Amino acid sequence: MLAVGTAGLLTASCSGAPGSPGPGGGTGTGTTAPATPAPIIKVSPAKGASKVRPDKSVVVTASNGELEEVTVQGEGGKVLEGEFDADHTKWVSKGPLTPASGYTVSAKASGDGGPATVTSSFTTLKPAQELRIIDVTPNVKGETVGIGMPIMVRFNQPVGDRKAVEEALKVTTQKPVVGAWRWIDDRYVIYRPAKYWPAHQKVRFTAALEGVRAGKDMYGVKNYATTMQVGAAWISTVDTRTHSMVVRKDGKIVQRMAISAGKATTREYTTTNGIHLTMERGSPVTMISPGKKEGDPGYYKEVVDHAVRISNSGEYVHSAPWSVGSQGRANVSHGCINARPDQAKWFYENFHRGDVVKIVGTTRSLEWNNGWGFWQLPFKQWKKGSALDA
C-alpha cells in the first residue's frame, strides 16, 4: 500500500496541476514577474531644436529612477548652472541662455532597472534686435569718485521690458547701502543710493544681460561689469548770503574760500540752490552768454582758468581774478562761483567727479535733471522711477 501510494503521488506530480507549466517550461497559462524598466530621461528643449528662445529654461526629468548628473555646456565650454528638485527627478537651469549659441545636454540617471544616459543638443535663436550697454559712467580706469556719484547706464536700443532689464542690473557694495534705479528714458537708467555712498569703499556694477528678453524680438547679448572706487567724503558748502565756501574732507574743514556768486539781476544770472555734484573740469574754459551774440546787451565771452562744472546750465567753480575785490563781499558773477586764483586752482586739483557742492541762499532751485542734480529728488520720489518699485 505504501509503494502504490508513493507511485500515485509521483504520477500526480509529473502530470502537472491545471494552470501550471509542466516540466521543461511547458506552455501553461501561468505568468512570470516582469523585468524592472530602466530609467527614462527626457530633455527640453528637444534634441535638434533650433531658434530656442534664450529666456527659456532647460528642463531634464527622469522617470523610473533618479538623476545623478546633468551637465549643460555652451560654446567655449561655458557650463549652465541649474538645480535638482528634492526627489532628484527633475533639473531646471538657472538664468537665461546665450543667444545664437549651441548647447549640449548630458544626463545620467540610476534606478532598480539599471543606469541610463542621454545626450542631446539644441541651438538658441539669433535676436532680431541685440541689446548692449554702450556707456557706463563712471568707468575711467583708476578713477576715484565722490560720495555723491551716480551710476549712469546707456543702452544701444530702446528697452521695451524695463523690469526684466533692471532685474539684471546689480550694485554690490562693501558697506551696506539702500539704493534704486530710475529710468530717465527708454535707453538711459541711473542708480543712486538713498544717502551718499559711505566713503572709502569699492562699489561693483554688473549687468547680467546675456539672454534677457528686453522687448519683442530683442535680447541682451553681452554681460557687463565694472568697479568704482569711492574716495573720501568731500562736501563743499556755499552760502551766497555770506559769500563764502567751506570745503570739508571726511567732516574736517580743509579750506575756507571767499567767493562771489551770481548777481541775480535775472533768473539766468542767479546761482542755483541745492545739491550739486562736480562733473568735469577744464583749464581754460571759454564761457559765452547763452542765447546772445556779440553786440547784444549783456553779451559776454570770458576765458577762465581752473573751472570745475557743477551743472549743465553753465555753473562752475572757477578762478576769477577780475572779481577778487568783490569776493567775500558781493555777488557779481553771471551765476558761477568765482574764487581767488590760488584757491580755485586748489579746488580744481583736489576735486573728484561726484563730490558734493551744496549751495544755499538764492531764490532759484537746481532742477533734479540739470547736470547731475539727482540728489534734488527725495529718495522716495527717486525710486518711483524704478520699474521694480510697483
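Mentor: Let's start with Leu277, whose bridge partner in E30 is Val356. This is a predicted model, where local features need pLDDT of at least 70 and side-chain atom pairs 80 or more, while totals for chains, interfaces and linings use all residues. Residues count from 1 along each chain as its sequence is written, and side-chain values use heavy atoms, without hydrogens and water.

Strands here are DSSP runs of E, at least two residues, numbered from the N terminus; two of them pair if DSSP finds at least two bridges between them. E23 (residues 272-277) runs antiparallel to E30, with 4 bridges. E20 (residues 234-239) pairs with E30 (residues 356-360) too, but in the parallel sense, over 5 bridges. There, Val356 has Ile235 standing opposite.

Now the rings. There are 11 aromatic pairs in the structure. Tyr191 and Trp197 make a stacked pair, because their ring centres are 6.1 Å apart and their planes sit at 25 degrees (rings of Phe, Tyr and Trp, the last by its six-membered ring, pair with centres within 6.5 Å; planes under 30 degrees apart are stacked, over 60 edge-to-face, the rest tilted). Tyr191 is buried, at 8% relative accessibility, and so is Trp197, at 2% (buried is under 20% relative accessible area, exposed over 50%, partly exposed in between, with a 1.4 Å probe and protein chains only).
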